[in-house]
Amino acid sequence: MADRLIMKLSVRDVRTETRDVIVINFLHPRRPELPAWSAGAHVDVHLPDGSVRQYSLCGDPKDRSVYKIAVKREADSRGGSAWLHDNAVAGLGLHVSAPRNHFDFDPERGRHVLVAGGIGITPFVPMVRQLVETGQDFVLHYCTRSRETAPLVTELEEICGAKLRRWISEEGTRLDVATLLSAEGNSELYVCGPLNLISAVEDAALHASWPEERLHMERFTALANGDFEPKPFDVVIASSGKEFVVPADRSLLSVLNENGFAIHSTCETGVCGTCECEYLEGTVQHRDVVLTPQKRKSKLMPCVSRGKGALVLDL
Ligand code: FES
């Protein structure tokens, strides 16, 4: 829950990668090295309108001189990707957070099966680099609509060689997730991409009784509210015994902040992981897309998650 370092970085260069993807390299204007990061990490990019977007780092963690991100111009975005496409030029200054990693990646765990869809390829670039460097067994399945819309593919071909498998829907090839999972029973499974791909992998993993600790997903899209109906609940602060009511129309985060707990937040949609808190007792309705099932046993994201009955927070 510690505040996250935010730096004013400069755009070093911008490259057009595909028709709708640009690659941006950020550097620190005065320091030769940026904070260290690990494969799978992402940064928050703060835009001039006050909005914040998360982007996975797709460079080489050993190169501390730049943070490299790939940005897809999303037709239905909230404007962040379009702003970067229209305004990012060399020399532009933007606030960028220190990296954070919710993708629990350890190359030493055995065979890795990586499944990427479109721009969801970005966190896998440093991962495959590390897997190759450490001589680990892996396969990267890369699903895209066409050859032309596959970002970073040349780099991946160089890194992965035959371990890169491409699935191109316009050419009639599609990854059969159920068959893949039945053939890869003892692997670490990672997925990042559009919601339909993540859901397909999640469903197939459930059907295959895939161990939850070996399924790793990264989403940058908040859960749809659907039929979720927020209800009021009580929260108890363990250190002081103070109690508050969280009304149905307010978040736990806003009630905590109003009562003097300065909890830092960025996205307020359960996507970035900034507001993470620990709880000691109670049943949580988790509404984030960040925490693993294991972490959900003791942590919650108060910007979106709620209690069912009383919650005791470790504050
Ligand atoms: S502020 Fe981003 S997860 Fe809560």
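**Entry 1: cavities.** My working definition, on a 1 Å grid over the protein atoms alone: a cavity is a set of points where a 1.4 Å probe fits but cannot get out, and its lining residues have an atom within 4 Å of a point. With that, I looked up the lining of the largest cavity and got His42, His102, Met217, Glu218, Arg219, Phe220, Val271, Val289 and Val290. This is a predicted model, where local features need pLDDT of at least 70 and side-chain atom pairs count only at pLDDT 80 or more, while totals for chains, interfaces and linings use all residues. Residues are numbered from 1 along each chain as its sequence is written, and side-chain values use heavy atoms, with hydrogens and water left out.

How many cavities of 30 Å³ or more are there? I found 2. The largest has a volume of about 50 Å³ (the space filled by probe spheres set on the grid points, which are joined across faces, edges and corners). I sorted its lining into 5 nonpolar, 2 polar and 2 charged residues (Ala, Val, Leu, Ile, Met, Phe, Trp, Tyr, Cys and Pro are nonpolar; Asp, Glu, Lys and Arg are charged; the others, Gly among them, are polar).

**Entry 2: domains.** The domain assignment (automatic or from a database) gives me domain 1 (6-97), domain 2 (107-218) and domain 3 (233-313). Taken over C-alpha atoms, the centres of domain 2 and domain 3 are 32 Å apart.

**Entry 3: the parallel sheet.** Strands here are DSSP runs of E, at least two residues, and helices are runs of H or I, at least four, numbered from the N terminus. Two strands pair if DSSP finds at least two bridges between them. I traced 5 strands in an open, parallel sheet, ordered β9-β8-β7-β10-β11. Its edge strands, β9 (164-168) and β11 (215-218), each pair on one side only. From one strand to the next, the twist averages 15° (axes are lines fitted to C-alpha atoms, for helices over the stretch in contact, and angles run from 0 to 180 degrees between N-to-C directions). Inside the sheet, β7 (112-117) and β10 (188-192) are joined by 5 bridges, and valine 113 sits opposite leucine 189 of β10.

**Entry 4: the antiparallel sheet.** I traced another open sheet, with 6 strands ordered β4-β3-β6-β1-β2-β5 and antiparallel pairing. β4 (52-56) and β5 (67-72) are its edges. Between β3 (42-46) and β6 (93-97) I counted 2 bridges; valine 45 has valine 96 in β6 as its bridge partner.

Definitions and conventions. On a 1 Å grid over the protein atoms alone, a cavity is a set of points where a 1.4 Å probe fits but cannot get out, and a pocket is an open set with protein on both sides within 12 Å along at least five of seven lines; lining residues have an atom within 4 Å of a point.
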